[in-house]
Amino acid sequence: MDILKTNRLKLVCLTYEDMCQSKENGNELAQDFVNAYDYHKALIQTGKFHEKDLLWFRLWDIVQITDSIPIGGICFKGPANDKGQVEIGYGISDEYQNKGYATEAIRTIIEWAKQQEGVSTVMAEIEKVNLPSQRVAAKCGMNVFDENEENLYWLV
């Protein structure tokens, strides 16, 4: 199990078994990721996908170190594209927002992602109405590089 640590947080990369357990407990995001993981794992035998890339279909829990409480999550939306970009998604439970946890976690996962083979940049798709998430992206050094009617696309 991969674990990244900051001063206040642990970022825990869930195993396939952990994601299956979350799925059984009703976590819809875990269900989506188990399905994606299974689909891509099946593609390995065809040669259309590499086992090392399954890492990009696992969820990361954001856990407060002091009391081991999960306060949010991070995911990647697949391996790097042909430009070396991986896309990130993230969320923090309401009661833990506005305390810097998201910024701390995202900075850490961006640093980790950029150290992975084939990754040069990290992007995020954020709804224009989601100002708190935009502030987190900006604090993490991300800049808007594109937009559509509903979303801004951020890159670092």
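I began with the lining of the largest pocket and sorted its residues by class: ten are nonpolar, nine polar and six charged. The model I am reading is a predicted one.

I then looked up the extent of this pocket. The largest pocket has a volume of about 550 Å³, and 25 residues line it. Nearest its centre I find Tyr90, Asn130, Pro132, Ser133 and Val136. Two or more lining residues come from each of strand E5 (85-92), helix H3 (101-114), strand E6 (121-127) and helix H4 (131-139).

I turned next to H4. Which residues of H4 are buried? I noted Ser133, Gln134, Val136 and Ala137. Looking down the axis of H4, I see these buried residues fall within an arc of 155°, so they line one face of the helix. The buried residues of H4 pack against E5, H3, E6 and strand E8 (151-155).

I checked both ends of H4. At its start, a side-chain oxygen of Asn130 comes to within 3.1 Å of the backbone nitrogen of Ser133. Just after H4, Gly141 has a positive phi of about 90°.

Last, I recorded the second largest pocket, which holds about 190 Å³ of space. Its lining consists of Lys52, Asp53, Leu55, Trp56, Pro79, Ala80, Val86, Gln116, Glu117, Gly118 and Val119.

Methods:
Residues are numbered from 1 along each chain as its sequence is written. This is a predicted model: local features need pLDDT of at least 70, side-chain atom pairs count only at pLDDT 80 or more; totals for chains, interfaces and linings use all residues. Side-chain values use heavy atoms; hydrogens and water are left out. On a 1 Å grid over the protein atoms alone, a cavity is a set of points where a 1.4 Å probe fits but cannot get out, and a pocket is an open set with protein on both sides within 12 Å along at least five of seven lines; lining residues have an atom within 4 Å of a point. Grid points are joined across faces, edges and corners, and a volume is the space filled by probe spheres set on the points. Helices (H or I, at least four residues) and strands (E, at least two) are DSSP runs, numbered from the N terminus. Ala, Val, Leu, Ile, Met, Phe, Trp, Tyr, Cys and Pro count as nonpolar, Asp, Glu, Lys and Arg as charged, and the others, Gly among them, as polar. Buried means under 20% relative accessible area, exposed over 50%, partly exposed in between (1.4 Å probe, protein chains only). The arc is that of the directions from the helix axis to the C-beta atoms. Contact means heavy atoms within 4.5 Å. A polar contact is a pair of N or O atoms within 3.5 Å; within protein, one must be able to donate a hydrogen and the other to accept it, and residues adjacent in sequence count only if both atoms are side-chain atoms.
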